[in-house]
Protein chains: 2
Amino acid sequence: MTTARSVEEHAGIVARMLEPLGDEPSVETVPLAEALGRVTAGEVRSEVDLPLFRNSQMDGYAVRAADIHAVPVALEVSGDIPAGHTSPVTLIAGTALRIMTGAPVPTGADAIVPVEDTGLILGRDDDLEGAVVEIRRSRTAGEYVRERGSDVRRGDVLVPEGTRLAPRHLAALAAAGVEAVAVRARLRVAVLTTGSELVTSGSPAHGQVFDANGIALAALVEEAGAVVSVRASSDDDPGAFARILDDAIRSSDLVITSGGISKGAYEVVREVLLPRGADVTSVAMQPGGPQATAVIDGVPVVAFPGNPVSTQVSFAVFLRGPLRAAAGLPPLPPQRATLTEAVRSVPGRRQFLRGRLGESGGVAPVAGPSSHLVAAMAKADVLIDVPVEAEALDAGSAVTVWTL
Amino acid sequence: MTTARSVEEHAGIVARMLEPLGDEPSVETVPLAEALGRVTAGEVRSEVDLPLFRNSQMDGYAVRAADIHAVPVALEVSGDIPAGHTSPVTLIAGTALRIMTGAPVPTGADAIVPVEDTGLILGRDDDLEGAVVEIRRSRTAGEYVRERGSDVRRGDVLVPEGTRLAPRHLAALAAAGVEAVAVRARLRVAVLTTGSELVTSGSPAHGQVFDANGIALAALVEEAGAVVSVRASSDDDPGAFARILDDAIRSSDLVITSGGISKGAYEVVREVLLPRGADVTSVAMQPGGPQATAVIDGVPVVAFPGNPVSTQVSFAVFLRGPLRAAAGLPPLPPQRATLTEAVRSVPGRRQFLRGRLGESGGVAPVAGPSSHLVAAMAKADVLIDVPVEAEALDAGSAVTVWTL
């Protein structure tokens, strides 16, 4: 075997292929109700002051602070301002206006007395005709008044560019009357699986297997903030694969394939991609050695080996980071953990063992290293990163782990 | 004011109301392609052995280990087994069969020699007629053979109950031929906002505001693993609110309302819920003091105050945990952080300030305590939990923070 490429070098090649997708994202405008989790394509500024108008912070009475300097004091109730009251009201000096939380503070009033500090001495709550209210606590000008623009001013940034929209951002946008927001379009990713042995529906004959990679890659793509544009499968006939590849390229920003790139006799992806200028290589890793990349009609193609474990590990090592970056999602940094049992490795290959984190920072391998152990991999929650030079690691060794 | 209920007590009341929803979840069966992130309603056992059949781990030659005891040795190539080959093949003793990764190991063969350890001395890769292969390295019985059932055996658990389905689980299920999976049905949650001042589309007149709570609560519900069954708004007319409430109850597992439960004069939720047995109360917290709960026709109703910040904080404090639990999602435990500046609080009320985590475990308040600061809240990523008895906390104090 010729010298294999390092994981770091191949990861760099894939990342650079995907960089333009993140640097010049397509933008789409979506209604707020569909914007949860999307990433803003630009900063969003407020076109209004918030609050929109000077309003009451409490249920109570709007007064002139000067009129309640000495308490207790009895004031005529000259009207009522419920929330949602739309006609401007002016306070007659020396009187009080009943007001509800959020209602506009009348012209001439400069303080709100909370209802708890008042009592009607004439009239009733449900009949304010001729009512008189006793104010029992004085308030200074401005108290319990929310000034217009005290939350945000017209022209201020409500949400910066690159924000992953959470409920609180949507609330702020909605409060400012924003109905739709420009967000990064999700990358359209095609998932193509290959292999004459694959059965995508129905029952496998002897020698055939169920396709696990189509569903796994589609889910991984979705988790990384992209959408699956095409999901298709072909047997090992180059013409059949070329057809699904060409279809995928026409409708996608990125194409992922699984299978058909190692050194066997029926390597359909290799056969079709090589004449189109693909870089078919061997990476010093386990699982996942055979890897390939190509750019066809401007669309990057990333080709993974077909063993289900190899495919999933390859995605985690090479594509997850660049896809998340292109989607504007934060990276998922590695953690450190302590091996709870010894592991063996193959020197010259960086090994990604499937592991499970336990209490207090321990991690145990949950399956053998073989890349066909797809059911065992379901028990894992991390990949244990065994350095390329290691032949074995003792129990108690500190290792890097990557969340799955 | 009568003695307010503690946050802990009210949280307990809400949690107990929602417990039956989590204990006896409805179950639905969804295709694997729609199952990402869903939570299994029971364990899923494999109906097959995986691998389905004994197959080759490498591209190479299937042989009898006994025939390659002494190397190099030349063996006639008696046939070819590509992946996906569906007719059973038997190895003639003393010969080799070319075999691809994943292809069924022929009857009579007990080892695979990787292609790297071989060379054709007669014939060509694309014409094996009369070919002879030289085997350069001996292998013992079982090498590079994946035994049937070595990953999982028929009847073994593929995915335990209560698993939030990640790509790796879907891969395992797909590999075992599972096409659909029983998952917890998402809770159907109605979001009702109230207030004559609310504008849900178009432009507000003087005194009106855009409804921020509808979008915020809908997004919070979705984030907590439920679906929004109804989103509606009413003014402060009790008849109008009763109509949207009754509609919501008929089609939902839970109803959330905002607004209309404090002590003002136009408290529509309070007016409609009280005669139906609601518990309308005041909780010793800020923001979010007025709170109510009811059970109507067996459907829990949780009523929050209407200030946008109060509504969002109330959801985080009272509903997020129980909804996530009912959905089978893990809790979001609080963290500890260090205040980077002093804060003041109101003794007798547990205060939830909006804060932003910084480098190295510091947290700073990002807005004043007032519950109308909905735009400022968008800058926060945590709630700073100021204990009920505190009047002020110095910079450097350790506080509990809750992720928003």
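Modeller: Start with B:Leu173. Sequence neighbours within four places aside, it is in contact (heavy atoms within 4.5 Å) with B:Leu32, B:Val44, B:Leu158, B:Val159, B:Leu165, B:Val178 and B:Val181. This is a predicted model: local features need pLDDT of at least 70, side-chain atom pairs pLDDT 80 or more, and totals for chains, interfaces and linings use all residues. Residues are numbered from 1 along each chain, chains are lettered from A and ligands numbered from 1 as written, and side-chain values use heavy atoms, without hydrogens or water.

B:Leu173 belongs to the largest nonpolar core, which has 59 residues. Such a core joins buried Ala, Val, Leu, Ile, Met, Phe, Trp, Tyr and Cys through side-chain atoms within 4.5 Å. Buried means under 20% relative accessible area, exposed over 50%, partly exposed in between (1.4 Å probe, protein chains only). A:Ile256, A:Phe315, A:Leu319, B:Leu50, B:Leu173 and B:Val181 touch the most other members. Helix 6 (residues 308-327) of chain A gives the most to this core, with eight residues. Another core lies apart from it, with 57 residues, among them A:Leu36, A:Leu158, B:Val191 and B:Phe210.

Now helix 3 (residues 213-223) of chain B. Helices (H or I, at least four residues) and strands (E, at least two) are DSSP runs, numbered from the N terminus. Nine of the 11 residues of helix 3 are buried. They are B:Asn213, B:Gly214, B:Ile215, B:Ala216, B:Leu217, B:Ala218, B:Ala219, B:Leu220 and B:Val221. The cover comes from both chains: it includes helix 2 (167-175) of chain A. From chain B it includes strand 13 (188-194), strand 16 (227-234), strand 17 (254-258), strand 21 (299-304) and helix 6 (308-327). Just after helix 3, B:Gly225 takes a positive phi of about 90°.

Take strand 13 of chain B next. Six of its seven residues are buried, so the rest of the structure largely encloses it. Strand 13 pairs with strand 16 in the parallel sense, over seven bridges; pairing needs at least two DSSP bridges. There, B:Thr194 has B:Ser234 as its bridge partner. Strand 13 also pairs with strand 17, again parallel, over five bridges. B:Thr193 stands opposite B:Ser258 in that strand.

A separate look at an open sheet of chain B: six strands, order 7-4-6-5-9-8, mixed pairing. Strand 7 (111-114) and strand 8 (118-124) stand at the edges with a single partner strand each, so one side of each has no neighbour in the sheet. Strand 4 (residues 60-63) and strand 7 of chain B pair antiparallel over four bridges. B:Ala62 and B:Ile112 are bridge partners there.

The contact between the chains takes 79 residues from chain B and 79 residues from chain A. Over all chains the count is 34.

Two of them deserve a look. A:Arg5 and A:Asp279 meet at 2.9 Å, N to O. A:Arg5 lies in the segment before helix 1 (7-23) of chain A and A:Asp279 in strand 18 (residues 279-282) of chain A, so the pair ties together parts 274 residues apart in sequence. A:Arg5 is buried at 15% relative accessible area; A:Asp279 is partly exposed at 26%. In chain B, B:Arg124 and B:Asp126 form a salt bridge at 3.0 Å, N to O. B:Arg124 and B:Asp126 are exposed.

Notes:
A salt bridge is a side-chain nitrogen of Lys or Arg within 4 Å of a carboxyl oxygen of Asp or Glu.
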